[in-house]
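I opened the notebook to go through one structure piece by piece. These are my entries, in the order in which I looked things up.

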Amino acid sequence: MENNHEVLLKVDHLCQYFRLGRKDLKAVDDVSFEIRKGETFGLVGESGCGKTTTGRSIIKLYNITSGNVYFKGQRIGAGTRAYKDAITNARADAAKKIKLLRAEKDADDARKAEIKEEIKKINEELAETVAKNQALLRDAKSDSKLVDKQYVESLVKSLDEEYAKKFSAAEGDDELLKKLKKEYTNRIRVAKKSKLITQIQMIFQDPIASLDPRMTVRDIIAEGLVINGITDKEYINEKVYEILEMVGLVREHADRYPHEFSGGQRQRIGIARAVIMQPEMIIADEPISALDVSIQAQVINLLNDLRERLGLTIMFIAHDLSVVKYFSDRIGVMYFGKMVELADSDELFKNPLHPYTKSLLSAIPLPDPVYEKQRTRIHYNPIAEHDYSVDTPSFREITPGHFVYCNDAEEKKYKEAVK
């Protein structure tokens, strides 16, 4: 990987809560990280820790509860539910306080005057809270529209500059000018339908469920192009054939249906569907977990080849730490919706600090019978390992680029451990 420090994606205090009756399931709780251009960022953790939900929230398949997602410096996702909840809770609290004050029936005239002033103050505070959160809500919604508007304007501007030179060079050749104008019109129409979020594509975990069984491979792969406004069937077919060959399939596969393929081939179709949109970033959500071990290496090598050939940035979500180490430049470890450790791949394996990371690393089997007999599993028990009753934890940098979720006492212990 190139030594590139340009941040392509920034996730800032992302929270994704799901309603469970009156309670919230905190699938992702206050997660922050950055992904640099051209790198592969691995996200690991046990099932149900929030890895997939993080990926889906970034790509806006879920509406974020709170926090922000920035792509190429632009805010593409903002939590709106937190602002709505703040308004609802403020109104409920104000109503409760006012009801208690009005319940004082035996109050004398002086007390009644005090109650009136207190109610006035509560209403003023409520109005201030509501106005503040409504403003934040409007900003979050308008940012999304503004980002897409600016993205379209930049695409149109670059096309205008490109075709101004072509038109100038083709002056006097009516047939070429006519052809160029038609091409320009088609590309402008496509540019006006474009959105910045389409620069991030996702490869889904289940290669069976993520493909429509009623669509041919050609239709599945070309769907993104059609949605973007491309109508030239010849161009679409050529792009589909090109991408099929790029992912290790052949042209003849274009007219078949998903059920006619093996699991590995289906996952290649899923990769082709993502790559045809020419994204800058791909979120690969456990792309090998549903595949046979013999096929996993092929898919990993394919992703590596595409990354180098197309200059992709990849967020690689997986369970298998040994695979993630081979494939990733930096690794983030998640547990129960929290990011508990983040470091360079080599650093994380050499100096794991959080007890959960040590537990994960101890579970990696090696094809060595002598080592396997001696290998001791480390069991992680958060209740026994941490005491957060007084000293609350946060995500802190222990050594340059190595972050751990810990409190003051643990931070001191971790810093001493790496000396």
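Predicted model: local features only at pLDDT ≥ 70, side-chain atom pairs only at ≥ 80, totals over all residues.

**Entry 1. Two helices side by side.** I began with helix H5 (residues 217–227) and H7, whose axes come within 7 Å and cross at roughly 30 degrees. Angles under 35 degrees count as roughly parallel, so H5 is roughly parallel to H7. I noted the hand of the crossing of H5 and H7 as right-handed.

Which residues meet where H5 and H7 touch? From H5 I listed Val-217, Ile-220 and Ile-221, and from H7 I listed Ile-269, Ala-272 and Arg-273.

Entry 2. I then picked Gln-267, which sits in helix H7 (residues 263–275). Is Gln-267 buried or exposed? Its relative accessible area is 1%, and the cut-off for buried is under 20%, so Gln-267 is buried. I looked up what surrounds Gln-267, leaving out residues up to four places away in sequence. The residues it touches are Ile-203, Phe-204, Gln-205, Pro-207, Pro-287 and Leu-291.

Entry 3. I moved on to Gln-278, in the loop between H7 and strand E7 (281–285). Gln-278 is not a glycine, yet its phi is positive, at about 50 degrees. Its relative accessibility is 56%, and the cut-off for exposed is over 50%, so Gln-278 counts as exposed.

**Entry 4. The nonpolar cores.** Next I looked for nonpolar residues packed together. In soluble globular proteins, nonpolar side chains tend to be buried together. The largest nonpolar core here has 56 residues. Which of its members touch the most others? I wrote down Ile-221, Ile-269, Ile-271, Leu-306, Phe-316 and Val-333. Helix H6 (residues 233–246) gives the largest share of this core, with 6 residues. Another core, of 30 residues, lies apart from it, and among its members are Leu-14, Phe-41, Val-69 and Met-339.

**Entry 5. Strand E9.** I turned to strand E9 (residues 330–335) and asked how many of its residues are buried. The count is 6 of 6. Arg-330, Gly-332 and Met-334 point one way from E9, while Ile-331, Val-333 and Tyr-335 point the other way. The residues on both of these sides are buried.

I then checked what E9 pairs with. Strand E3 (residues 40–44) runs parallel to E9, and 4 bridges join them. Phe-41 has Arg-330 in E9 as its bridge partner. E9 also pairs with strand E10 (residues 338–344), in the antiparallel sense and over 6 bridges. In that pairing Ile-331 stands opposite Ala-343 in E10. The hairpin of E9 and E10 has 2 residues between the strands, and in this hairpin Phe-336 takes a positive phi near 50 degrees.

**Entry 6. An open sheet.** I looked next at an open sheet of 4 strands. In what order do its strands lie? The order is E2-E1-E4-E5, and the pairing is antiparallel. Strand E2 (23–36) and strand E5 (74–78) are the edge strands, each pairing on one side only. From one strand to the next the twist averages 25 degrees. Inside the sheet, strand E1 (residues 7–20) and strand E4 (residues 66–71) run antiparallel and are joined by 5 bridges. I noted Lys-10 as standing opposite Tyr-70 in E4.

**Entry 7. The helix across the sheet.** Helix H1 (residues 51–58) lies across E1, E2, E4 and E5, and runs at about 115 degrees to E1. H1 is mostly covered, with 6 of its 8 residues buried. I listed the buried ones as Lys-51, Thr-53, Thr-54, Gly-55, Ser-57 and Ile-58.

Entry 8. My last item was Lys-60, in the loop between H1 and E4. Lys-60 has a positive phi near 70 degrees, and it is a residue other than glycine. How accessible is Lys-60? Its relative accessible area is 38%, which lies between the cut-offs for buried (under 20%) and exposed (over 50%), so Lys-60 is partly exposed.

Note on methods
Residues numbered from 1 in each chain as written. Heavy atoms only, no water. Pairing = 2+ DSSP bridges. Axes fitted to C-alpha atoms, helices over the stretch in contact; angles between N-to-C directions. Contact = heavy atoms within 4.5 Å. Buried < 20%, exposed > 50% of the residue type's maximum accessible area, 1.4 Å probe, protein only. Core = buried A, V, L, I, M, F, W, Y, C linked by side-chain atoms within 4.5 Å. Parallel < 35°, antiparallel > 145°, perpendicular 65-115°, else oblique. Left-handed = near helix turned anticlockwise from the far one by under 90°.
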